[in-house]
Amino acid sequence: MTGTDVDDGPIQSFDAYSTSAGDNARLALGDDGVVCLRGAFETSWLSIVEAGIAAALAGASVDLGVVKREGDKGQFSFSSGAWQTVEPFQRFIFDSPLADLVWPLLDSSTLTLFYDFLLIKEAHSDGALTPWHQDHSYYPLDGTKVVNSWVALDHIPLESALQFLAGSHSSSTLYRAVDFDDPNAAYCHARSELPLPPISQDGRILHTSLEPGDMLVWWSHTLHCAPGNHLDRRRAAFSVNWLGDDVTYNGQPALDTYIDPSLSSGDHVVSDKFPLVRQSVTPNG
Ligand SMILES: O=C(O)CCC(=O)C(=O)O
């Protein structure tokens, strides 16, 4: 089920800078598995992300994919882990309010950068749909404090908005990873053989329209999907994935973006590739 046939509920949303936003957002994220922080980024920060996009598309991202699905007028571009080579993405990740908005939601003594992900669905990339999946099923990680902070760069109406299965993170069940190029094929690095639950019959679907600078945050176990872009304009987002203090590396096969050969199984995930960005100061520390 994707697109305009969704009629369930809105994602709980909070003004990113209201005094109660942190607590309310943490509770909503705990209950639903996803939350929206409105107005998280001013235009000046979004302009820096746009400068990063221009650089990434011009070749600065070493991991850039561009596809045009059969019958589509528009391209679908995506890039992972570009922060290491795209300076404006570094500025956004390390100098913007991003980390301080996300960290309190994890209830964690640490915050580690995992990777960034750029996703641009050009006008009429109708076939560029994102099937139902769970981010965690692609990661060589154990633990639960893993979030995706997904910043809208364009106005995103409901018809092209992400959809989430409410509460689907709560048992931390790991489902079979989906091959995005062919949802019926087996994924090469599958960690679980458990099929996804029947989404259209079970549970409540959450979605919301977004303005540029609004940010969705969801747990890596939350099931979600998105339609292709049927609009006559771009639908783009820049997302950053973060790890908290219960996450350890398990060394299982995964895409290069998620792998760091300097880490061993059981290690806390902190390295040059996955840098520690925030850490609580303990009374004895
Ligand atoms: O925005 C989209 O179309 C999909 C994003 C998504 O599913 C993800 O980043 O995990």
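Okay, hi everyone. Remember that we're looking at a prediction here. Let's start in the middle.

The largest nonpolar core has 72 residues. The ones with the most contacts inside it are Val102, Val147, Val151, Phe164, Leu216, Val217 and Trp242. Strand S6, residues 110-121, gives the most to this core, with seven residues.

Let's pick Val102 from that list. What does Val102 touch, if we skip its neighbours within four places in sequence? The answer is Leu111, Val147, Ser149, Val217 and Trp242. Val102 itself sits in helix H4, residues 98-106, and it's one of the buried residues there.

Now, look just past the end of H4. There you find Asp107, with a positive phi of about 50°. Most residues other than glycine have a negative phi. Asp107 is not a glycine, and still its phi is positive. It lies in the loop between H4 and S6. Is Asp107 buried, exposed or partly exposed? Asp107 has 13 C-beta neighbours inside 10 Å, so it counts as partly exposed.

Ser172 is another non-glycine residue with a positive phi, near 55°. You'll find Ser172 in the loop between strand S10, residues 163-165, and strand S11, residues 205-207. Ser172 counts as exposed, because it has 12 C-beta neighbours inside 10 Å and the cut-off for exposed is 12 or fewer.

Next, the helix pair. Helix H2 covers residues 43-60 and helix H3 covers residues 87-95. Their axes come within 7 Å and cross at roughly 150°. How do H2 and H3 run, parallel or antiparallel? An angle over 145 degrees counts as roughly antiparallel, so that's what H2 and H3 are. The crossing is left-handed, by the way.

And who meets whom? From H2 we have Trp45, Ile48, Val49, Ala51, Gly52 and Ala55, and from H3 there are Pro88, Phe89, Arg91 and Phe92. By class, this contact has eight nonpolar residues, one polar and one charged.

Last stop, Val86, in the loop between strand S5, residues 76-80, and H3. Beyond its neighbours within four places in sequence, Val86 contacts Gly52, Ala55, Ala56, Ala60 and Ser61. Also, Val86 and Ala51 are 35 residues apart along the chain, while their C-alpha atoms are separated by 9.2 Å.

That's it from me, thanks!

Key
Residues are numbered from 1 along each chain as its sequence is written. This is a predicted model: local features need pLDDT of at least 70, side-chain atom pairs count only at pLDDT 80 or more; totals for chains, interfaces and linings use all residues. A nonpolar core is a set of buried Ala, Val, Leu, Ile, Met, Phe, Trp, Tyr and Cys residues joined through C-beta atoms within 7 Å. A residue is buried if 20 or more other C-beta atoms lie within 10 Å of its own, exposed if 12 or fewer, and partly exposed in between; C-beta atoms are placed from the backbone. Helices (H or I, at least four residues) and strands (E, at least two) are DSSP runs, numbered from the N terminus. Two residues are in contact if their C-beta atoms, placed from the backbone, lie within 7 Å. Axes are lines fitted to C-alpha atoms, for helices over the stretch in contact, and angles run from 0 to 180 degrees between N-to-C directions. Angles under 35 degrees count as roughly parallel, over 145 as roughly antiparallel, 65 to 115 as roughly perpendicular and the rest as oblique. A crossing is left-handed if the near helix is turned anticlockwise from the far one by less than a right angle, and right-handed if clockwise. Ala, Val, Leu, Ile, Met, Phe, Trp, Tyr, Cys and Pro count as nonpolar, Asp, Glu, Lys and Arg as charged, and the others, Gly among them, as polar.
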